[in-house]
Amino acid sequence: MNEQMYMQRAIELASQGLGHVSPNPLVGCVIVHNEKIIGEGYHYKFGGPHAEIVAINSVKNRELLKSSTLYVTLEPCSHFGKTPPCADTIIQLKIPRVVVASIDPNPLVAGKGIQKMKDAGIKVKTGILEKEYRFLNRRFFTFFEKKRPYIILKWAQSKDGFIDYERNCKTPEIHWISSSYNKILVHKWRSEEMGILVGANTIINDNPQLTNRLWAGKNPVRIVLKNEESFPKESRILDSEAPSIIFSTKHENEINAEVIKIENTDEFIEQVLNKLYERKIISILVEGGRKTLQSFIDNNIWDEARVITGNVSFNNGIKAPIINNTAYYEEFIGNDRFQVYFHHA
C-alpha cells in the first residue's frame, strides 16, 4: 500500500482549486479499493461540494466504498456550513478507513471530524505528507494560525536594483521592467489571491486598475493604504470593476469604495491586517511602491516575496526593497530572472 502516492495525488487535485475556493481551503480526495483508485475529486468552487463528496460521487459502484480507503488532504468537516458535514457522509456510507494529511486549523473543525469518525468505528490515520500539504494550503493555515492574511510581496526591479525612476503625477510615464509574458504571469497571481494591496502614491502616479484582466478568474479586492494623500476622483481604483477598500488616517468618503479609518500609529499595518482578517480575506498580494513594500519587510510581517529582475538598467531612481533572505527558488523566464523568497519567523 503506497499511502504517500495516493496522498500525493490528492494534493495534486487540491491544487486545482487555487483561486476558486477562497476563503475555503484547497482540498483533494482519492478513494482506493484493492490498491486501485476508484474515485477522486477536489473542492473546485466556493460554496460547491467538498472534495470528499465529489470523489464519492465519482465512484461507479458504491458497494466498493464499504471496503475502501478514503485519502483526503484535510480533515473532513464535522459541522453544517454551506454543505452538510463530510464526516457524517463518510460514516453513513460505511467507509472503513480514512487517511488524512492534516488536521483542520479551523476551530469549527479542529479534530472534531476525526473524533466523530473514530467514534463511529472508522480507522483514521493522520500526518501523511502533512508538510507538503501545508505548503500548498499555506494561505489557509496562516489565516487561522496567525489570524491574518497570507502576505505575498511582489515587485519588478532593474538589473541595477531600481524599481522605477523618480516620478509623480506630472511625469506619469510608466517604465516597464519585465516582459509582456511576465505581465500575464502577474495577472495570474492576482487571480489566485483574495486581495491586492498598494499605497496611495501608486494610485496617484500610475492610476492602475489592479485587476487580473489578462487572466481568467475573479478580480481581487483592491486595497489602498492612505495617509493625507488625495488622489483624483477619476482614479480607476474607484471604478466598478472590483471592490475597493481604502484604509485612511482621516475620515473621508469615496465613490465605489469602502473607507476604513485607521489610527496613524506604529501598528498601522497590524490594524489593516486585523480588518482584513475580520473580512475573511485570507491572502493579499502587495504590489505597492518601495515604501509600502519595505514597510512590510521592516515590520517583519510577510510570508512570501516574488521578485522579477528585468533585463534593463535605470542607473538611478527609486531603489528596490531590501530583502536579506536567501532565494528559495530561481529561474529565468525569457530574459527576466524570477526569484521566490519565504519568510520563516
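In which loop does Asn 34 lie? Asn 34 sits in the loop between S1 and strand S2 (36-42), where helices (H or I, at least four residues) and strands (E, at least two) are DSSP runs numbered from the N terminus. This is a predicted model, so to speak of local features we need pLDDT of at least 70, side-chain atom pairs count only at pLDDT 80 or more, and totals for chains, interfaces and linings use all residues. Residues are numbered from 1 along each chain as its sequence is written, and side-chain values use heavy atoms, with hydrogens and water left out.

Back to Asn 34: its phi is near 50 degrees, a positive value in a residue other than glycine. Asn 34 counts as exposed because its relative accessibility is 67%; the cut-offs are under 20% relative accessible area for buried, over 50% for exposed, and partly exposed in between (1.4 Å probe, protein chains only). Lys 280 is another non-glycine with a positive phi, about 60 degrees. You'll find Lys 280 in the loop between helix H9 (268-278) and strand S12 (283-286), and with a relative accessible area of 51% it is exposed.

Pro 23 has its place in the loop between helix H1 (3-15) and strand S1 (28-33).

Now for some strands. S4 (residues 97-102) and S5 (residues 123-126) pair in the parallel sense over four bridges; pairing takes at least two DSSP bridges between two strands. Arg 97 stands opposite Lys 123 in S5.

Next, look at helix H6 (residues 138-146), which is mostly covered, with seven of its nine residues buried. Among the buried ones are Arg 138, Arg 139, Phe 140 and Phe 141. Just after H6, Lys 147 takes a positive phi of about 55 degrees.

Finally, turn to helix H5 (residues 130-136), where Phe 135 is found. Phe 135 counts as partly exposed because its relative accessibility is 37%. Phe 135, Tyr 328 and Tyr 329 make a nonpolar surface patch of about 340 Å². Patches are made of residues with over 30% relative accessible area and no salt bridge, with like charges joined within 9 Å and nonpolar side chains (Val, Leu, Ile, Met, Phe, Trp, Tyr) within 5 Å. A salt bridge is a side-chain nitrogen of Lys or Arg within 4 Å of a carboxyl oxygen of Asp or Glu, and accessible areas come from the Shrake-Rupley method with a 1.4 Å probe, counting only the protein chains shown as cover for residues.
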